[in-house]
Amino acid sequence: MIGSGKMEVVKHKEIAHNIYEMTVIGQQVAQMKSPGQFVHIRVSDHSEPLLRRPISIASIDSETLEFTMIYRVDGRGTELLSQKRSGDTIDVLGPLGNGFPVSAAETGQHAWLIGGGIGVPPLYELAKRLTSNGVKVTMILGFQSAQDVFYEEAFKELGETFITTVDGTYGTQGFVTTKMNELPEPPNVYYSCGPKPMLHAVEKALKGTPGYLSFEQRMGCGIGACFACVCPTTEGDGAYVKVCSDGPVFQAGVIA
Amino acid sequence: MIGSGKMEVVKHKEIAHNIYEMTVIGQQVAQMKSPGQFVHIRVSDHSEPLLRRPISIASIDSETLEFTMIYRVDGRGTELLSQKRSGDTIDVLGPLGNGFPVSAAETGQHAWLIGGGIGVPPLYELAKRLTSNGVKVTMILGFQSAQDVFYEEAFKELGETFITTVDGTYGTQGFVTTKMNELPEPPNVYYSCGPKPMLHAVEKALKGTPGYLSFEQRMGCGIGACFACVCPTTEGDGAYVKVCSDGPVFQAGVIA
Amino acid sequence: MSKLAITLPGLELTNPIMPASGCFGFGQEYAKFYDLSVLGAIMIKATTEISRFGNPTPRVAETASGMLNAIGLQNPGLEHVLEHELKWLEQYDVPIIANVAGSEVEDYVHVAREISKAPNVHALELNISCPNVKCGGIAFGTDPVVAGELTRAVKDVSTVPVYVKLSPNVSNIVAIAKAVEAAGADGITMINTLLGMRLDEKTGKPLLANRTGGLSGPAIKPVALRMIYEVYPHVNIPIIGMGGVQNIQDVIDFMSVGAQAVAVGTANFVDPFICPKLIEELPEELDRLGLDSISELVGRAHR
Amino acid sequence: MSKLAITLPGLELTNPIMPASGCFGFGQEYAKFYDLSVLGAIMIKATTEISRFGNPTPRVAETASGMLNAIGLQNPGLEHVLEHELKWLEQYDVPIIANVAGSEVEDYVHVAREISKAPNVHALELNISCPNVKCGGIAFGTDPVVAGELTRAVKDVSTVPVYVKLSPNVSNIVAIAKAVEAAGADGITMINTLLGMRLDEKTGKPLLANRTGGLSGPAIKPVALRMIYEVYPHVNIPIIGMGGVQNIQDVIDFMSVGAQAVAVGTANFVDPFICPKLIEELPEELDRLGLDSISELVGRAHR
Ligand SMILES: Cc1cc2nc3c(=O)[nH]c(=O)nc-3n(C[C@H](O)[C@H](O)[C@H](O)COP(=O)(O)OP(=O)(O)OC[C@H]3O[C@@H](n4cnc5c(N)ncnc54)[C@H](O)[C@@H]3O)c2cc1C
Ligand SMILES: Cc1cc2nc3c(=O)[nH]c(=O)nc-3n(C[C@H](O)[C@H](O)[C@H](O)COP(=O)(O)OP(=O)(O)OC[C@H]3O[C@@H](n4cnc5c(N)ncnc54)[C@H](O)[C@@H]3O)c2cc1C
Ligand SMILES: Cc1cc2nc3c(=O)[nH]c(=O)nc-3n(C[C@H](O)[C@H](O)[C@H](O)COP(=O)(O)O)c2cc1C
Ligand SMILES: Cc1cc2nc3c(=O)[nH]c(=O)nc-3n(C[C@H](O)[C@H](O)[C@H](O)COP(=O)(O)O)c2cc1C
Ligand code: FES
Ligand code: FES
């Protein structure tokens with residue numbers, strides 16, 4: 001069942017340059033099962049901006065019925081979102097899509113969680129679930145610059161966490177793959193979320209290791225009806241998947 | 001000089017059914033000279049709704065640089081306006097147009113101020129100025145129903161005030177003209193603001209008495225450039241005035 | 001609810017609200033939100049003879065109070081639609097209007113002949129107006145003669161009434177409407193999307209991979225109302241109106257200018273419950289207007 | 001500021017920003033807000049031979065991210081414009097583009113001949129596309145042959161370059177553009193408004209007294225960009241772009257699809273300072289894009 005309706009903002013703050021953390025409360029949280037799922041948010045009551053905005057679920061508290069999102073102000077939709085105050089309500093459709101398969105990593109195994117920029121948030125709930133299953137997690141998180149880094153401490157509590165920045169102002173200078181190449185041995189399984197070029201680079205670097213990648217695509221409906229968010233698959237010949245309803249998480253090797 | 005810019009909301013409350021009183025502060029108030037002038041308000045930062053909304057100036061405090069508007073929530077523009085809270089800013093263009101000629105009534109004379117619905121607000125600043133000039137004022141204010149009545153007490157402090165309601169739930173049942181017909185002698189001068197049919201009825205009932213009427217018209221620019229708000233005049237032959245820049249107040253007999 | 005009922009060629013509608021083609025897939029996704037039987041009808045996604053992948057992505061872009069799409073008629077092809085999508089839809093008590101597309105007259109004719117035989121397909125919607133396919137499509141919709149010929153060819157083979165979906169990207173919408181009526185169309189649906197473009201702010205190049213796309217949503221409502229208002233007095237066949245419908249006032253407006261039924265497109269993406277919401281609100285709205293049935297609403301802007 | 005300068009037929013512009021016709025009157029009102037000499041040019045309100053009152057009111061209606069207008073070419077007539085409005089504008093160092101309208105070819109020719117003689121009129125803008133006048137107007141703009149003939153007739157008498165303002169309410173904008181170029185047009189301005197309608201919620205009848213009106217504002221920007229993008233590769237005369245411009249990104253977008261200069265219409269009503277603001281922001285925006293002059297921007301969406 002997909003829920004849709006108003007949820008109340010309970011916490012909202014800027015946690016890095018243009019990066020906001022928003023916690024909301026409502027019944028839909030009861031349906032949020034899988035890290036990597038997303039919600040589709042209507043940021044205004046009228047027609048401007050018109051479409052919903054997809055944002056990943058960064059952490060879920062089923063007891064308090066709260067969940068948290070982390071998003072970057074990027075355009076007019078996220079800017080309007082950033083103006084919401086505690087007590088305001090937002091219209092949330094979700095949870096949508098299929099998240100990361102937590103059970104793909106077994107107790108005692110080692111998983112890498114590789115995130116880029118605003119692809120980092122969904123890895124947080126994933127890291128919590130993996131560690132509570134007894135999986136060892138190592139995070140490799142890439143950002144543009146020192147000012148963009150967020151949640152480093154939170155991740156560190158769950159496992160070893162490496163930060164890379166493109167401009168070298170924090171952590172290792174370079175991309176997540178730069179750091180990955182420095183690490184001694186590959187994991188049993190990896191999970192990744194970030195821009196497409198990063199995902200493909202990660203996939204290539206970890207060829208042979210089972211992995212799960214979360215993709216982004218511009219969306220219309222968010223539920224599989226409009227065919228806006230298709231990606232051709234490696235099968236070729238017109239075969240495709242829809243990011244919103246078949247994904248956003250796919251096994252490595254599926255997306256062309 | 002016409003000002004344009006952000007003004008801060010300092011007070012805002014619902015004073016009757018769907019009727020809001022909003023006080024804002026800012027430099028533009030220094031230019032507000034004449035009761036009956038209006039401001040043109042942008043209620044959102046983006047394109048929805050697109051156009052500004054004309055609202056009359058209901059009272060001016062040149063010392064604190066505050067002015068007050070009273071408006072009815074009528075559509076999406078005024079609804080958005082009603083959601084502003086103290087501390088928010090609104091984009092105000094104005095003062096615009098030509099207001100009521102206060103000096104048309106001389107000390108010791110008697111003026112009638114005849115208002116209908118949301119045509120009542122500009123009469124308040126007018127009543128204050130007239131009384132401070134030693135003019136005796138009598139208000140005849142028409143509303144739909146008891147729940148729509150506002151500012152009765154405020155007006156009563158300035159002069160005798162009669163209320164009429166269409167449904168008879170408060171004051172005299174009927175229109176402002178119903179009450180006007182009951183009053184013993186006509187005034188030396190009258191001022192009126194309200195819907196066009198009311199203005200024309202008032203004009204007719206007070207034929208021979210000098211009067212000033214404030215008209216409404218759908219507006220584009222609000223400053224005289226777009227020709228949206230024209231009204232043909234009694235001169236005929238294509239002669240017209242623009243409500244926004246030639247008015248909104250015109251001498252009785254001018255508008256056809 | 002019978003004050004909402006309306007009869008159109010081939011269609012006994014319990015109410016005049018239906019999702020517009022391409023904005024509702026083949027219904028499966030929305031069936032997760034509500035019972036599809038509440039709908040007046042369903043206009044399914046354009047079906048072509050052979051399955052199509054459509055255009056590369058990005059395929060959608062937002063604009064002021066609107067969106068552009070260049071999906072490119074992605075669909076699983078006639079056979080699959082018949083055997084899977086339409087079969088699946090049989091569980092619901094709702095008439096299906098099958099949107100038919102193609103590149104050549106022969107494609108349309110073939111799809112129309114076959115799909116009109118499906119038991120739950122009560123009418124065809126001839127998509128002569130999709131702006132996002134290279135050959136065919138748009139040309140059919142802008143030339144009255146060609147539009148008429150295609151209509152006649154499809155009418156000849158269809159076993160159900162044929163509605164023709166008009167393109168707004170024309171100088172003279174009345175001429176096209178009259179041409180398809182003369183060629184035997186049983187009804188008109190209008191409008192399809194306006195052709196538009198958005199640039200990628202970062203690159204300065206068209207954002208959509210297809211470069212141009214179809215503009216839909218509230219931004220186009222004034223154009224849709226105007227065109228229906230223009231066409232209504234000139235045809236004797238019913239019009240199903242669409243273009244930017246997102247609330248009950250919009251439904252009233254479309255029927256007032258002359259639409260007998262109203263399709264909802266883009267608004268499904270904004271609120272998946274929009275169609276049942278409108279259906280629920282409509283009786284109350286009629287009461288407010290003092291009308292006993294929706295047919296009294298149709299065309300009142302002209303009276 | 002010379003990185004903003006651009007030369008077009010008849011026009012040495014210090015910058016590419018100008019108010020669009022009908023949205024700036026004859027300048028007097030905006031002169032109360034800023035010095036008109038900062039503008040690239042001014043497109044004055046349509047002038048006809050005889051003064052016109054225009055349409056009854058209401059003449060404007062708001063729509064989603066747009067507005068409809070049906071002013072109906074209200075203007076004080078050629079003689080008054082020459083003797084008062086244009087005279088008054090002489091105090092400013094800004095080229096005037098005179099928007100010329102009429103009902104018959106003869107009207108256009110007469111106004112064009114006379115108004116082109118005014119010393120500060122550096123170009124004409126032939127309004128073949130106003131949707132709000134009954135006879136003439138719209139017909140000229142939708143038929144390539146008629147549009148070409150009118151252009152030629154006006155070119156024959158005008159002492160300054162002639163720009164033709166295209167209507168977006170056509171099936172094939174490229175055909176019209178090529179026709180007016182072939183007929184001697186020195187430039188194209190596009191787009192005029194899309195024909196639309198809004199109903200009065202209370203009465204269910206058209207809100208505008210004229211029933212239909214021209215849609216402008218951000219809602220139409222995608223259509224404007226698409227049309228300019230389509231026309232640009234097919235003509236060798238410059239295009240002045242317009243349609244929904246309200247911020248600096250819009251200016252960049254219009255130039256990217258091929259406009260050499262950009263006109264601002266409806267946005268003047270929203271923010272009377274919009275033109276000088278855009279002019280001020282433009283150099284910085286060019287720096288951000290790493291461009292040395294605005295001409296490098298023109299048409300980059302095609303490269
Ligand atoms: C499954 C999924 C999960 C996401 N999770 C997050 C998250 O947790 N945190 C976060 O900051 N961002 C996330 N994004 C990206 C986020 O959706 C965009 O940044 C956001 O939609 C931009 O909206 P805007 O109004 O700020 O920008 P605008 O440029 O105004 O957006 C215009 C349109 O483009 C779409 N769009 C723009 N950028 C993107 C993008 N990168 N991906 C998809 N659509 C886009 C918007 O949704 C909108 O329809 C996610 C995207 C997807 C598909
Ligand atoms: C000079 C002048 C002074 C006014 N003073 C006041 C006042 O003090 N208090 C008050 O409550 N109202 C006043 N009004 C009316 C007020 O402008 C409208 O009620 C308001 O614009 C409605 O906007 P909306 O967004 O709520 O309605 P919508 O229906 O969404 O408005 C749509 C469009 O129509 C225009 N419009 C709708 N109704 C009117 C109207 N009656 N007059 C002019 N334009 C209209 C809007 O400005 C907007 O452009 C005044 C109008 C004028 C012309
Ligand atoms: C994503 C999308 C896909 C569409 N696909 C089709 C289609 O396959 N066939 C068709 O006739 N119309 C198609 N349309 C047009 C709609 O059916 C409708 O005519 C148009 O969007 C206007 O209505 P709206 O503003 O309510 O969306 C599509 C529209 C959108 C937004
Ligand atoms: C109120 C109004 C009046 C207009 N009058 C004219 C006119 O007289 N002549 C003309 O060629 N265009 C006229 N236009 C069209 C504009 O010049 C412009 O082409 C159109 O509005 C699109 O630009 P915009 O979206 O920036 O407003 C008018 C537009 C508006 C809104
Ligand atoms: S966003 Fe509509 S199908 Fe994925
Ligand atoms: S509103 Fe533009 S002239 Fe009055």
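The model is predicted, and local features were taken at pLDDT of at least 70, side-chain atom pairs only at pLDDT 80 or more, and totals for chains, interfaces and linings over all residues. Residues are numbered from 1 along each chain as its sequence is written, chains are lettered from A and ligands numbered from 1 in the order in which they are written, and side-chain values rest on heavy atoms, with hydrogens and water left out.

Ligand 1 is located between chains A and C. Its shell holds 20 residues, of which A:Arg53, A:Pro54, A:Gly77, A:Thr78 and A:Arg218 are the closest; a residue is near a molecule if one of its heavy atoms lies within 4 Å of it. By class, the shell around ligand 1 contains eight nonpolar, five polar and seven charged residues. In this division Ala, Val, Leu, Ile, Met, Phe, Trp, Tyr, Cys and Pro count as nonpolar, Asp, Glu, Lys and Arg as charged, and the others, Gly among them, as polar.

Polar contacts are pairs of N or O atoms within 3.5 Å; within protein, one must be able to donate a hydrogen and the other to accept it, and residues adjacent in sequence count only if both atoms are side-chain atoms. An oxygen atom of ligand 1 lies 2.7 Å from a polar backbone atom of A:Gly75, and a nitrogen atom of the ligand is 2.9 Å from a polar backbone atom of A:Ile70. The side chain of A:Glu216 places an N or O atom 2.8 Å from a nitrogen atom of ligand 1. On its own, ligand 1 has 820 Å² of accessible area, and the protein covers 91% of this; such areas come from the Shrake-Rupley method with a 1.4 Å probe, and for residues only the protein chains shown count as cover. Two or more residues of the shell are given by each of strand E4 (53-56), strand E6 (66-72) and helix H1 (76-82) of chain A. E4(A) supplies the largest share, four residues. Helices (H or I, at least four residues) and strands (E, at least two) are DSSP runs, numbered from the N terminus.

Around ligand 4 there are 23 residues, and those that come nearest are D:Ser21, D:Lys165, D:Gly217, D:Gly244 and D:Thr266. This shell divides into eight nonpolar, 13 polar and two charged residues. Oxygen atoms of ligand 4 approach polar backbone atoms of D:Gly244 at 2.6 Å, of D:Gly217 at 2.8 Å and of D:Ile191 at 3.0 Å. The protein buries 98% of the 600 Å² that ligand 4 exposes when taken alone.

D:Ile191 also takes part in a cis peptide bond with D:Met190, with omega near 10°. The residue D:Ile191 is placed in the loop between strand E10 (187-190) and strand E11 (194-197) of chain D. A cis peptide bond also joins C:Thr57 and C:Pro58, with omega about -5°; C:Pro58 belongs to the loop between strand E4 (42-47) and strand E5 (60-63) of chain C.

Positive phi values occur in A:Leu65, near 60°, and in C:Leu73, at about 60°. A:Leu65 is found in the loop between strand E5 (59-61) and E6 of chain A, whereas C:Leu73 is in the loop between strand E6 (66-69) and helix H1 (78-89) of chain C. C:Leu73 is buried, with 4% relative accessible area, where buried means under 20%, exposed over 50%, and partly exposed in between (1.4 Å probe, protein chains only).

Over all chains the structure holds zero disulfides, a disulfide being a pair of cysteine sulfur atoms within 2.5 Å. A:Cys244 is buried at 2% relative accessible area, and B:Cys226 is buried at 4%.
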